[in-house]
Amino acid sequence: SSRETVSSSNMGDGVNLQFRQQLLLIDGNLGAEDVAALKFLCTDLIPFKKLENVQSAVDIFQLLMAEDYLNEEDTFLLAELLYRIKCNFLLNKLGYTKEKVQECLHEKGRVSPYRQMLYELSENITNEMLQEIVFLLRNRLPKRRRTTSALELLILLEKQDLLTENNVQMLEEVCMNVSPDLLETVNSYRRAKGEILKICICLNVQIHSHLTKRHLISLIYCLFLLFLVSLPQQENTLPAKESSVSHTVGIRTLNFPQVHAIYQSFSGGAFLFFFLQKMSSYKMDGPKRGFCIVINNVTFDGVLQERKGSSKDAEELKRVFTWLGLDVKTYTDQTSEQIKELMETWQQLKDHKDRDCFICCILSHGESGAIYGKDGELVSIRVIMSYFTAKRCPQLAEKPKLFFIQACQGKEIQRPVYVEADARIPDFSSMQQSLSPSESIPEEADFLLGMATIDGYASFRHVQQGTWYIQALCSKLQLLVPRGEDILSILTEVNEDVSRRVDRWGTKKQMPQPAYTLRRKFIFPIPRDPPPS
């Protein structure tokens, strides 16, 4: 045919006729969607600009040959591409079977885990999901460009530098809103890429003050080599839709090209950064993570109103901190004396010595520097935290102690129908002197206090969906803990989230405020299970 003649000519005279015929036969069996998939999977191998002019599979083959990725002696890349797009019936044209491709992938595979992850996402994004994603990203996408496919959307995000191999945060946020299954695909990729962080924990190395810069560099280099030896093999054993980034753990011998490729992927500076980050973090690799207590005051005696929606917060805190490995205990409607008794009980607990940390969450009405018990009496936040100082609770000495307080710290403001202020309703003639969060923290190390709002202001609660602060905290923990972020970075993101929220009339805002005496980074180990919501 004329098409065959032109295509054969385009491939050049240096290419064997039989090989050209094989490629043309493969091209004839691929539809428009298959060509789009091939273009996408080749994005890391061929520049965007060259791929934009591709009209057929033959065009892609020509580009691959020009870049020396494909020739008649080595057709594995094309076999891998056909395998990735599930066109296994064409593998025999190249002398391969599905099983043979799977066997060779871990040694010869060229499609990156990042590209595999994106392609798997595209395969599982329905038209309805695509419309939702486009809507969520409407302010980031060109207004006059209509996005018709998931692959086109992903490429557009990459062109705008909103999505890269080392930054998939926007993708995570979108998937969290659209589909838990899509989010798990992204999280699996992040976990695989984050394996480099685990070696420092496993080795449990201490850097002593007498180490010179030269010794430190040598130590890091040795750790890097150990990491290379212990890398899991990347091997696909299932079709892309089932698992495009699957791997089996094992030890392998690395040749120089493999070492060089991996070293390029994890630059020395990045490895040094992550290594030092782990060395300056609290120890979080004990047999048990720690206890988390949640005090949820919903109904009150006297004039304080019921805190509708607070149970939603308590349930979400329990789900998230259980996912993070803590033993969570919830207490509802505690009086001021019961709160103090609870603190004393947990202060005296001997089991703290086998735990890495302690977390306390209090959901209630409040005033400056204090929270209300069910009986309408105030309890100072400083008093609550002081139960866990090193002197009074030696089992938690030098361990991080985190307190999250969801309560107003100032006067009530006018509320819309579905948004209430976590503040006392009557007059504030008895209100105590204003205190900043830093004044509430005991004067010693290893404490963090996360306040829902800055001093003097109200915090807000949706009567069905819970408070802005706690919902943002739980959301960001689920999103950022799998990325290896420390707690202060996470709370900064919480601030950003809450600060952007407004009530239904767009007139009321809120700004959380953390205060801390932490001496090191507090980083939750990445859970094995996907986030609970």
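A residue is buried when its relative accessible area is under 20%, exposed when that area is over 50%, and partly exposed in between, using a 1.4 Å probe and protein chains only. Keep that scale in mind for the whole tour.

This is a predicted model: local features need pLDDT of at least 70, side-chain atom pairs count only at pLDDT 80 or more, and totals for chains, interfaces and linings use all residues. Residues are numbered from 1 along each chain as its sequence is written, and side-chain values use heavy atoms, with hydrogens and water left out.

Start with the charged side chains. Side chains of opposite charge can pair when their charged atoms come close. The rule for a salt bridge is a side-chain nitrogen of Lys or Arg within 4 Å of a carboxyl oxygen of Asp or Glu. How many salt bridges does this rule give? The count is 18.

Take Lys86 and Glu123. Their side chains form a salt bridge, with N and O 2.8 Å apart. Lys86 sits in the loop between α6 (76-84) and α7 (98-108), while Glu123 belongs to helix α8 (residues 113-124). Lys86 counts as partly exposed because its relative accessibility is 30%. Glu123 counts as partly exposed because its value is 26%.

Now look at Glu158 and Arg115. They too meet in a salt bridge, 2.8 Å from N to O. Asp44 joins Arg115 and Glu158 in a network of salt bridges.

Helix α3 (residues 32-41) comes next. Its buried residues are Val35, Ala37, Leu38, Phe40 and Leu41. Their cover includes α5 (57-66), α6, α8 and α10, where contact means heavy atoms within 4.5 Å.

Asp356 forms a salt bridge with Arg289, and their closest N and O atoms are 2.8 Å apart. Asp356 lies in strand β5 (residues 355-363) and Arg289 in strand β3 (residues 288-296), 67 residues apart. Both Asp356 and Arg289 are buried. Strand β3 is mostly covered, with eight of its nine residues buried.

Which strands pair with β3? Strands pair if DSSP finds at least two bridges between them. Eight bridges join β3 to β5, and the two run parallel. Asn296 has Leu363 in β5 as its bridge partner. Strand β4 (residues 326-332) also pairs with β3 in the parallel sense, over seven bridges. Here Cys292 is partnered by Val328 in β4. From β3 the chain crosses through helix α17 (residues 310-323) to β4, and this β-α-β crossover is right-handed. In other words, with the strands pointing away from the viewer, the path from the first strand over the helix to the second runs clockwise.

Ser336, Ile339, Leu342, Met343, Trp346 and Gln347 are buried in α18. Seen down the axis, they fall within an arc of 135°, so they line one face of the helix. The arc is taken from the directions from the helix axis to the C-beta atoms. An α-helix has 3.6 residues a turn, so residues three or four places apart point the same way. What covers the buried residues of α18 includes β3, β4, β5, β7 (370-372), β8 (378-380) and α19 (381-386).

Three strands form an open sheet in the order β6-β7-β8, with antiparallel pairing. Strands β6 (366-367) and β8 stand at the edges, each with a single partner strand, so one side of each has no neighbour in the sheet. Two bridges join β6 to β7. Gly366 stands opposite Ile371 in β7.

Notes: Helix = DSSP H or I, 4+ residues; strand = E, 2+ residues; numbered from the N terminus.
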